[in-house]
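Visitor: Could you walk me through the voids, helix contacts and charged pairs of this protein?
Guide: Gladly, let us look together.

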Amino acid sequence: MNAEQFVDQLSGIALHNVFNPYRDQCGEHDHANSASIRRTNLRNYLEAAYDCGVESVWLGRDCGYRGGRRTGIALTDELHLPVLNSQFGMRGTKKATVGSPLKERTATEVWKIIREIDQRVFLWNVFPFHPFEEGNPMSNRRHTSKEFEPCKELLVLLLQRLRPKRIVVLGKDARREIERLGFNVAAVRHPSYGGHLEFAGAIRAIYQVR
């Protein structure tokens, strides 16, 4: 499955109380072309990863409302899109929303440590969309097993296509999902809720960075 086909498959999935960045339009932060821009962002990212290869894939649980929901790139907020472009030698990945760029704490910690280990890392989420609480689109919640069902085959296909030497999962929830699919992973604490120092220390240990 090439990058365009993968993005097309993702954009065809619609779930209740789940924002699909590649399909849906946020009435508060998006404009008419936002979903199209996010599709282009992801397609460019995938093509660059396929072309140059990746050493590792890091997996979060699902998109946050300040990060992947807005950019279409997992664990990446709008402030770090230029860093992503630089790491993968890309052009054209751009902001998809109206107003000022937003910063996400998780994305900040993830990209800080990626720069430190100085390796090409592909970022993804076990569940590639943004699940939110009923009546509150700007909230985060854990996706359900039922919601994960239509996405798990795409996750497997992506990992098989990228063939990373190492898969690192952020947090216990993501670890449970990916291990059920039969992949061997290294697990670290998620950097949110005060876990950023433990997260960074675990990453340094995995990559043998002092």
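The questions below go from the pocket to the cavities, then to a helix pair and the salt bridges.

Visitor: Which helix gives the most to the lining of the largest pocket?
Guide: Please keep in mind that this is a predicted model. The largest pocket has a volume of about 670 Å³, and 26 residues line the largest pocket. Helices α5 (105-117) and α8 (172-180) each bring at least two residues to that lining. With 3 residues, the top contributor is α8.

Visitor: Which residues lie closest to the centre of the largest pocket?
Guide: By class, the lining of the largest pocket has 7 nonpolar, 11 polar and 8 charged residues. Of the 26 lining residues, those closest to the centre are T106, N140, H190, S192 and Y193.

Visitor: How many charged residues are in the lining of the largest cavity?
Guide: The structure holds 2 cavities of 30 Å³ or more, and the largest cavity has a volume of about 50 Å³. Its lining is made of F19, C26, H29, D30, R38, Y65, R69, R70, T97 and M138. Sorted by class, this lining has 4 nonpolar and 2 polar residues, and the charged ones number 4.

Visitor: And how many nonpolar residues does the lining of the second largest cavity have?
Guide: The second largest cavity holds about 30 Å³ of space. Around this cavity are F6, L10, W124, N125, V126, P128, C151, L154 and L155, and α1 (3-11), β3 (121-125) and α7 each supply at least two residues of the lining. The lining has no charged residues and 1 polar residue, while the nonpolar count is 8.

Visitor: At what angle do helices α2 and α7 pack?
Guide: On the α2 side of the contact are L46, A49 and Y50, and on the α7 side are L158, R161 and L162. The class count for this contact is 5 nonpolar, no polar and 1 charged. The axes of α2 (residues 34-52) and α7 (residues 152-162) are 10 Å apart, and the packing angle is about 35°.

Visitor: What is the relative accessible area of K152, which meets E149 in a salt bridge?
Guide: The side chains of E149 and K152 meet with an N to O distance of 3.2 Å. E149 is partly exposed, with a relative accessible area of 45%. K152 is partly exposed as well, and its relative accessible area is 29%.

Visitor: Why are D173 and R176 separated by about one helical turn?
Guide: Side chains of opposite charge can pair when their charged atoms come close. The side chains of D173 and R176 meet in a salt bridge, at 2.3 Å from N to O. D173 and R176 are 3 residues apart in helix α8, so their separation is about one helical turn.

Visitor: Does D173 count as buried or exposed?
Guide: A residue counts as buried under 20% relative accessible area. R176, at 38%, counts as partly exposed. D173 has a relative accessibility of 19%, and therefore counts as buried.

Visitor: Which residues are linked in a network of salt bridges?
Guide: The pair D173 and R176, joined by a salt bridge, belongs to this network. The linked residues are R61, D62, R142, D173, R176, E177 and R180.

Technical notes. Residues are numbered from 1 along each chain as its sequence is written. This is a predicted model: local features need pLDDT of at least 70, side-chain atom pairs count only at pLDDT 80 or more; totals for chains, interfaces and linings use all residues. Side-chain values use heavy atoms; hydrogens and water are left out. Axes are lines fitted to C-alpha atoms, for helices over the stretch in contact, and angles run from 0 to 180 degrees between N-to-C directions. Helices (H or I, at least four residues) and strands (E, at least two) are DSSP runs, numbered from the N terminus. Contact means heavy atoms within 4.5 Å. Ala, Val, Leu, Ile, Met, Phe, Trp, Tyr, Cys and Pro count as nonpolar, Asp, Glu, Lys and Arg as charged, and the others, Gly among them, as polar. On a 1 Å grid over the protein atoms alone, a cavity is a set of points where a 1.4 Å probe fits but cannot get out, and a pocket is an open set with protein on both sides within 12 Å along at least five of seven lines; lining residues have an atom within 4 Å of a point. Grid points are joined across faces, edges and corners, and a volume is the space filled by probe spheres set on the points. A salt bridge is a side-chain nitrogen of Lys or Arg within 4 Å of a carboxyl oxygen of Asp or Glu. Buried means under 20% relative accessible area, exposed over 50%, partly exposed in between (1.4 Å probe, protein chains only).
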